[in-house]
Amino acid sequence: MAGRDGFVMKKLKPLIIGDLEIKVPIVQGGMGVKISTASLASAVANCGGAGTLASVGLGDDRQENRADYPKASREGLIYEIRQTKKSTKGIFGVNIMVALSNYEDLVSTTVKQGVDFIVSGAGLPLRLPELTEGTKIKLIPIVSSARAADIIIKTWQRRYNRIPDAIVVEGPLAGGHLGFKYEDIMSRKTDLLENITKDVITLVKNLGLKIPVIAGGGIYDGTRIADFLKLGASGVQIATPFVTTFECSVPDNFKELYLTAKEEDILIIASPVGMPGRALRTKFIDGVMKGEKRPISCNYICLKTCDPHTAPYCIAEAMFNAAIGDLDNAIVFTGAVPPKIKRIISVNELMDTLVNGALEGLNTNGSQEHLFTVKELADYLKMQPITIYKHAEQGKLPSFKVGASWRFKKATIDKWIEEQEKTRYNDAK
Ligand SMILES: Cc1cc2nc3c(=O)[nH]c(=O)nc-3n(C[C@H](O)[C@H](O)[C@H](O)COP(=O)(O)O)c2cc1C
């Protein structure tokens, strides 16, 4: 929308992935076990973002299911996809971790059920195009370095003559498993998400490709979203802030742990997946950190990398325990931002806050620049608030809308006053 004096309001551009148009460029990150289920994914999709179901461990941990874990997981996934379809016409996909031993099964189940996209990380999804051949499902690898993106793109081009439909870049502040070395995270030697995102954007450009790059990990407000859009990302992936929404299906004590977490409660653990993970302090984690071992009785190895004889605990069981609220015996994964989260809100409120913050961020030069409200501008210009409001509504003042409210950039208002004075002076001559 162009106002007077060439003032152009910057809008949030939709995230375009092939023929998918995600109106709000926010992808809700997949969260297992049983954290991002149908209720969360559909609520995000209904707000114009992209919802993501996490496919890991969707079979209930009942004795009869343990007998055929892949079948229980498959049925759980089918149930969640159908529930999501019943609740939204919006865009949603499934997150499938390469490290899972039933990876192929989960991919083919997702393909058969039909969703908009598959996001795949925790390993390099090199065979994903082969497993989804002949479908329109968008394929979105998750990477934590430009090198990993390069390997995936070139392998897919060489083997399958195709490229990813989008790439998610996950930085060191993300939740769940992290694509960095344990020592590098602990010594803070990992690169910033900003730098890795820029590297991946540059790589994509240098290869002559047009692939939307989506940045994720530690993004919790609109200002951060705007920062990543300004540096060239086409969207963001956000997970942790969605845990503390009404629609997230985890029990209340799980959400409470997020709300009460302090910096020192956020720990990096070595996971049997073979990658470090970020988790909140629980009795269980304290024990693990002290070197306590919990014997594993496993008749099915759910992770390609897990050796039940040497693994100190069963991560699947610890994550099931989290999902049912038995937190003393649980691993509760998290990102780095719980200390910033103050209360449980609806997905709608969270999305609105993120979008409005992003709009403010896009229309200012970072958080330092002050935006006037109607009342503040009225004081500044010594006019009645109603007059300011009317002028804004009629496009007579350079302004833009954040939600239902008008905002005014100080620098643009000052320039506008100067031009008004100039016109008056010229008219009077
Ligand atoms: C509780 C939790 C569980 C997660 N589970 C998965 C998962 O199953 N698969 C996956 O690829 N990523 C998983 N992630 C990573 C998210 O999808 C997301 O990319 C990342 O957390 C973004 O950072 P943020 O949480 O700071 O927004 C998980 C994250 C959290 C917080």
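At what angle do helix H3 (residues 69–87) and helix H4 (residues 103–113) pack, and how far apart are their axes? They pack at about 30°, with axes 10 Å apart. This is a predicted model: local features need pLDDT of at least 70, side-chain atom pairs count only at pLDDT 80 or more, and totals for chains, interfaces and linings use all residues. Residues are numbered from 1 along each chain as its sequence is written.

**Helix pair H3 and H4**
- Helices (H or I, at least four residues) and strands (E, at least two) are DSSP runs, numbered from the N terminus.
- Axes are lines fitted to C-alpha atoms, for helices over the stretch in contact, and angles run from 0 to 180 degrees between N-to-C directions.
- H3 and H4 are therefore roughly parallel to each other (angles under 35 degrees count as such).
- Pro 70, Ser 73, Arg 74, Leu 77, Ile 78 and Ile 81 in H3 meet Asp 105, Leu 106, Thr 109, Thr 110 and Gln 113 in H4. Contact puts C-beta atoms, placed from the backbone, within 7 Å.

**Domains**
- The assignment gives domain 1 (9–261 + 342–360), domain 2 (263–333) and domain 3 (372–428); such bounds come from an automatic or database domain assignment.
- The C-alpha centres of domain 2 and domain 3 are 57 Å apart.

**Nonpolar cores**
- A nonpolar core is a set of buried Ala, Val, Leu, Ile, Met, Phe, Trp, Tyr and Cys residues joined through C-beta atoms within 7 Å.
- A residue is buried if 20 or more other C-beta atoms lie within 10 Å of its own, with C-beta atoms placed from the backbone.
- The largest core has 118 residues; Ile 167, Val 169, Val 200, Val 213, Ile 214, Ile 331 and Val 332 touch the most other members.
- Helix H14 (residues 347–362) supplies the largest share of this core, eight residues.
- Domain 1 and domain 2 each give this core at least three residues.
- A second, separate core has seven residues, including Val 374, Ile 388, Ala 392 and Leu 397.

**Helix H13**
- Eight of the nine residues in H13 (residues 315–323) are buried.
- Their cover includes helix H11 (252–260), helix H12 (283–289) and strand S14 (332–333).
- Beyond four places in sequence, contacts of Ile 331 include Ile 315, Ala 318, Met 319 and Ala 322.
- Gly 325 follows H13 and has a positive phi, near 85°.

**Leu 40**
- Leu 40 sits in helix H1 (residues 38–46).
- Leu 40 is buried, with 28 other C-beta atoms within 10 Å.
- Beyond four places in sequence, contacts of Leu 40 include Phe 242, Cys 248 and Val 347.

Note on methods: A residue is buried if 20 or more other C-beta atoms lie within 10 Å of its own, exposed if 12 or fewer, and partly exposed in between; C-beta atoms are placed from the backbone. Two residues are in contact if their C-beta atoms, placed from the backbone, lie within 7 Å. Angles under 35 degrees count as roughly parallel, over 145 as roughly antiparallel, 65 to 115 as roughly perpendicular and the rest as oblique.
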